[in-house]
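Biologist: I am new to this structure. Please show me how to read a few of its features.

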Amino acid sequence: MPVQSEGEITAALMAFSQQPGAGLVAIPDSFTLEHRKRIISVCAQARLPALYANLVATPDGGLVAYAVDTRTLFHRAASYVDRILKGAKPSELPVEQPTHFELSINLQTAKALGLDIPATLIARADEVIE
């Protein structure tokens, strides 16, 4: 959905929720992160299940988040800064990609949406909010 402002969030999500089998995958960008509480609120109102790519969404009421732990990324970035400050050339440092992703599930939100989360998925989750 092309949403450019906070004012467009409600109309876009409400319209989208009317489609059969609708579900939202919130991409990991600054807009989604900044407006996550509004998105979560509208999804709850529209009974629209949503998957977020930022772990802060589930404590705020989001259904499911699957993402890298940004704290780990910041720690890794700090080690790069340390090496650069000690004289390493940035062009000679290896490129790293995240290797660990975390799954967070909010069972309160699932219940409010009338969804049953399989026990096998709950068992795999790193965080379960009850």
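Modeller: Start with Asp60, which sits in the loop between β2 and β3 (64–68); strands are DSSP runs of E of at least two residues, helices runs of H or I of at least four, numbered from the N terminus. The model is predicted, so local features need pLDDT of at least 70 and side-chain atom pairs pLDDT 80 or more, while totals for chains, interfaces and linings use all residues. Residues are numbered from 1 along each chain as its sequence is written, and side-chain values use heavy atoms, without hydrogens and water.

Biologist: Is Asp60 buried, exposed or partly exposed?

Modeller: Buried means under 20% relative accessible area, exposed over 50%, and partly exposed in between (1.4 Å probe, protein chains only). Asp60 has 29%, so Asp60 is partly exposed.

Biologist: Which residues does Asp60 touch?

Modeller: Contact means heavy atoms within 4.5 Å. Leaving out residues up to four places away in sequence, Asp60 touches Arg36, Lys37 and Ile40.

Biologist: Now the helices. Which residues of α1 are buried?

Modeller: An α-helix has 3.6 residues a turn, so residues three or four places apart point the same way. In α1 (residues 9–17), the buried ones are Ile9, Leu13 and Ser17. They line one face of the helix, because they fall within an arc of 50 degrees seen down the axis of α1; the arc is taken from the directions from the helix axis to the C-beta atoms.

Biologist: What do the buried residues of α1 pack against?

Modeller: They pack against β1 (24–26), α2 (30–34) and α3.
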